Amino acid sequence: MNDPEAVAALERADALHTALTHIVLEGGDLARIAEAVGDALGCGVVFTSTDGRERAAHLDEGQRTALADAGLLDPTGRLRVERIDPDGTAVGDGEALVRRVVAAGVDLARLVALRPDGRIHSSDAHALERAAIVAALLVTRVEAITAVENKYRGDFLRDVFLGRAGEEDYVAEHAQAFGWHLDRPVMVVVAVLDPDAIAALNPTAEDRQAWNDRFAHAWRQVTSSVDESIASVAFSREVVTLVPVDPTQDAARAVAAVDRLTEAVRGDRGGGRIAFSAGVSRVAHGLGELPEAYRQAQRAVEIGRRVNGGGSVTRFDQLGLHRLLALVPDSAELTAFAADVLGPLAERTPEAADLRETLQVLLDTNFNVAEAARAQFFHYNTMRYRVGKLQRILGPVATDPHLRLDVAVALRALEIVG
């Protein structure tokens with residue numbers, strides 16, 4: 001072989017093979033693999049989740065800057081792996097390329113290599129594929145262990161929310177074994193992937209599980225980067241996180257802390273990341289208040305998604321009248337109340353929905369017919385006709401303040417029950 005670059009690449013591949021063998025035998029992690037690949041091939045290396053969230057890296061500041069300048073890093077630090085081509089993407093005077101980390105057909109992670117001052121040799125690219133195989137073995141092993149640990153943690157926190165975890169002193173001590181600090185003021189955040197966004201992708205059961213696992217990992221990674229004592233666990237369809245609140249600071253700072261976490265998890269929504277909604281409880285000042293705070297967060301995310309649509313972050317204290325209605329434990333009672341007050345307008349038909357929209361506009365404008373007509377782009381006489389039709393169904397809603405209040409509450413009740 002007379003090509004000096006090819007000879008050098010083969011020598012690098014051989015050195016990498018030796019290094020990877022030692023890492024496997026010694027039970028190393030992704031960080032050690034990244035370092036070994038980077039040292040052997042003379043390039044920057046990043047392991048990420050499938051949507052680009054960094055898991056381990058061997059990069060210097062110059063290499064990170066080169067990635068940012070090439071538009072491959074979003075503001076939250078997510079590596080935009082979807083923009084990197086397996087055959088190479090230009091980064092400054094060099095290139096980056098990506099390899100999938102796959103085991104038994106399951107997409108586990110991404111391996112990105114970067115050489116900002118030149119091209120990556122084809123032999124180096126083959127060496128990266130070998131490194132991806134080793135990484136797949138390691139990730140599979142780690143995720144199997146993590147799944148057991150997370151289930152144990154999730155079961156414990158669920159027992160806390162159900163009030164059956166034991167005395168408070170025991171709960172606090174047991175939580176410390178997980179590295180959590182529970183006996184402090186917190187806001188409970190419940191986050192769920194939006195069902196409509198998932199349904200649009202027509203996923204398999206395996207896809208759903210993979211997305212939920214990735215979502216839970218994203219919350220754990222983001223929260224641990226802020227405070228490793230934050231509890232964040234995955235239940236069947238939701239991720240629950242206990243965000244600490246500094247009692248010496250005002251409520252706005254606590255809300256801002258939650259917003260920063262949700263924005264970090266959301267990123268720029270690239271890399272196949274799925275939209276999610278979140279609900280935020282009031283501040284729970286102790287372990288005894290956690291069960292109620294969890295229920296508040298669940299109701300906030302449920303109602304917020306129905307009222308504001310997917311991708312919303314809703315605080316329980318923001319729900320207004322919805323907040324009071326959310327305290328009614330029986331949704332059938334809300335449905336019955338709406339039907340009693342609204343009559344045919346409570347039906348799930350396009351005509352009823354259209355009239356409910358007009359009714360809400362009239363309530364918002366204090367039954368100012370001219371203003372309501374402008375808001376709905378109706379002729380004045382058309383709106384007068386609608387007012388008459390609504391009053392034939394509901395009674396004197398334009399003049400009776402008590403009836404008007406009942407109607408307003410009934411419309412909100414329908415929003416809650418969906």
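This is a predicted model: local features need pLDDT of at least 70, side-chain atom pairs count only at pLDDT 80 or more; totals for chains, interfaces and linings use all residues.
Local features need pLDDT of at least 70, side-chain atom pairs count only at pLDDT 80 or more, and totals for chains, interfaces and linings use all residues. Residues are numbered from 1 along each chain as its sequence is written, and side-chain values use heavy atoms, with hydrogens and water left out.

**Exercise 1.** Describe how α4 packs against α5.

Solution. Helices (H or I, at least four residues) and strands (E, at least two) are DSSP runs, numbered from the N terminus. Helix α4 covers residues 122-161 and helix α5 residues 168-177. Their packing angle is about 160° and their axes are 12 Å apart; axes are lines fitted to C-alpha atoms, for helices over the stretch in contact, and angles run from 0 to 180 degrees between N-to-C directions. Angles under 35 degrees count as roughly parallel, over 145 as roughly antiparallel, 65 to 115 as roughly perpendicular and the rest as oblique. α4 and α5 are therefore roughly antiparallel. Contact (heavy atoms within 4.5 Å) involves Tyr-152, Phe-156 and Val-160 of α4 with Val-171, His-174 and Ala-175 of α5. By class, this contact has five nonpolar, one polar and no charged residues. Ala, Val, Leu, Ile, Met, Phe, Trp, Tyr, Cys and Pro count as nonpolar, Asp, Glu, Lys and Arg as charged, and the others, Gly among them, as polar.

**Exercise 2.** Give the strand order of the open sheet and identify its edges.

Solution. The order of the five strands is β7-β8-β6-β9-β10, with mixed pairing; two strands pair if DSSP finds at least two bridges between them. β7 (232-234) and β10 (313-315) each have a single partner strand, so one side of each lacks a neighbour in the sheet. Neighbouring strands are turned by 20° against each other on average, direction ignored. β7 runs antiparallel to β8 (residues 239-244), joined to it by three bridges. Val-233 has Val-240 in β8 as its bridge partner.

**Exercise 3.** Classify the packing of α12 with α13.

Solution. Helix α12 (residues 350-364) and helix α13 (residues 369-376) have axes 9 Å apart and an angle of about 130°. The two helices α12 and α13 are therefore oblique to each other. Glu-357, Thr-358, Val-361 and Leu-362 in α12 meet Ala-372, Ala-375 and Gln-376 in α13. This contact divides into four nonpolar, two polar and one charged residue.
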